[in-house]
Amino acid sequence: MIAPPGPLSAGRLSGSAASGSAGDLTALFAEARRRRRRRRITAAAVSLAVAGSVVIGLTARGGHHNPAPRAAASSRPAAITKPDPRRFALPAAQVAWVDYNGALHVGDVATGTQHVVATAGSDAGGWFVAAAGHVYWPDFNTSKRIAAIRDYDLATGKIRYLARGESVFASADSRHVYIMRSGTRLIELRADGSGAPRRLTVPAGWQLSFPHPVGVADGGIVVNAHPRRENGPAPAIAIWYPRTGMLRIIGGDGDVMAAYTPRGAQFSLVAWSSGPCRNENCLLKITNTSTLATLAVRSPLGHGFTDPGVAFSPDGKQLAAFVRRASINSSWPNHSELALIDTRTGTLRVVRAAKFVTQEDAGWVLWLPGSQLLLAGALLYSYAVDAKTLAVRPFFFFFPGNEHDIMTTPDVNFSAVVIPGRDARQARRESR
């Protein structure tokens, strides 16, 4: 292994870096919240349009893909049937999610059974975190500017309120959780609820990656440089180590999408997109935080990757992502297909049978124990996928017939998270 270069001192950087103004940070979070609201509103509008129509998939011809056609009122809805368990079996994994009516579900993937275990509040989609037998999320069903962070104890079934914050995320070893109070301030808590909270401040000129901060090896946290200012750092992605105050730059301008840390390892793999590229065939990059070796992957469909919608397998050997089938356009529902990337070689395989409506450029992926099977979904349609054979089958806990819109059903959605085995068994007992 090539020895990594030494990290930068936060003290050295802060001496020359000018921090962003409070107004800029407020604008940043306001825009992120507006994007979430637009996603929900647009998703609801699109679901009404798609309910009576289905955009026909593109056919690959020599690697060229025409734009997806507009939704037509005369199109017939696709039939969605119950999965055939004979195709491939799913493990006895447990997943948790909050539906759009605020009910917290725990479901058994193998049997397709689920239970409502608590009332979790509303609008937790895409913000669930599981760590040390607890599930955390920001409850946006509030009139305040920032949400109350809620904590569900899988062992006792009790919910408690923690500090208010913009987001919540876990450390790479799941021993700590962090409540993001603002772009530059956060609170560190032990995931089991013990001990006193610790208040942290990001080095000047840097900010947390909003809305989904990421924790990596050795207690590191992903941060982004503010847009270039006089004497400030250029746009970049770095790892900040709160216990030492050190910063380690891992890439240029871009957004971190996912991270993977082997158990007990002192490095992580970080997946990130290079620069703002919503309508281009942007690269997806995978960087080792220790060696800084970076693998660049380009979509074979020519339109880049959705964001969010990226997840590493439990062994870190594969990265699941959504490849866009056309440039994002407000004139038609945006479509994507699931792709599996070898994190050692960059080889990409498109799972052609797994097609999604990724309105607002968003999907979700859950790898199940064993590193071969995964669940994936978006606004419409959810699938179970065998990453080895690329076999695909529809996956739902509820079967409403020809239409399946996560906005109008209590089914698994963007908030879904896999519960570790021991915690899953406890949750199953509590839900009975």
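## Model and confidence

This is a predicted model, in which local features need pLDDT of at least 70, side-chain atom pairs count only at pLDDT 80 or more, and totals for chains, interfaces and linings use all residues. Residues are numbered from 1 along each chain as its sequence is written, and side-chain values use heavy atoms, with hydrogens and water left out.

The protein averages a pLDDT of 75, where pLDDT is the predictor's confidence in each residue, from 0 to 100. At least 70 is scored by 70% of the residues. Contact means heavy atoms within 4.5 Å. Where pLDDT is low, the predicted coordinates should not be read in detail.

Strands are DSSP runs of E with at least two residues, numbered from the N terminus. Two strands pair if DSSP finds at least two bridges between them. Strands of a sheet pair through backbone hydrogen bonds, either parallel or antiparallel.

An open sheet holds 4 strands in the order E9-E10-E11-E12, and its pairing is antiparallel. Strand E9 (167-170) and strand E12 (198-201) are at the edges. Each has a single partner strand, so one side of each lacks a neighbour in the sheet. From one strand to the next the twist averages 25°. Axes are lines fitted to C-alpha atoms, and angles run from 0 to 180 degrees between N-to-C directions. E9 is joined to strand E10 (residues 176-180) by 4 bridges. Ala170 has Val177 in E10 as its bridge partner.

## Sheet E18 to E21

Another open sheet has 4 strands, ordered E18-E19-E20-E21, with antiparallel pairing. Its edge strands, E18 (254-260) and E21 (294-297), each pair on one side only. Neighbouring strands here are turned by 25° against each other on average, direction ignored.

E18 pairs with strand E19 (residues 269-274) over 6 bridges, in the antiparallel sense. Ala259 stands opposite Val270 in E19.

Strand E28 (residues 382-386) is largely enclosed by the rest of the structure, because 5 of its 5 residues are buried. Buried means under 20% relative accessible area, exposed over 50%, partly exposed in between (1.4 Å probe, protein chains only). In a regular strand the side chains alternate between the two faces of the sheet. In E28, Ser382, Ala384 and Asp386 point one way, while Tyr383 and Val385 point the other way.

E28 pairs with strand E27 (residues 373-377) in the antiparallel sense over 5 bridges. Gly377 stands opposite Ser382. The hairpin of E27 and E28 has 4 residues between the strands, and Tyr381 takes a positive phi near 80° there. E28 also runs antiparallel to strand E29 (residues 392-394), joined by 3 bridges. Val385 stands opposite Val392 in E29. The hairpin of E28 and E29 has 5 residues between the strands, with Leu390 at a positive phi near 65°.

## Loop residue Asn334

Asn334 lies in the loop between strand E23 (318-324) and strand E24 (335-342). Is this residue, Asn334, buried or exposed? Asn334 is buried, with a relative accessible area of 10%.

Neighbours within four places in sequence aside, the contacts of Asn334 include Ser327, Ile328 and Asn329. Asn334 also contacts Phe356, Val357, Thr358, Gln359 and Glu360.
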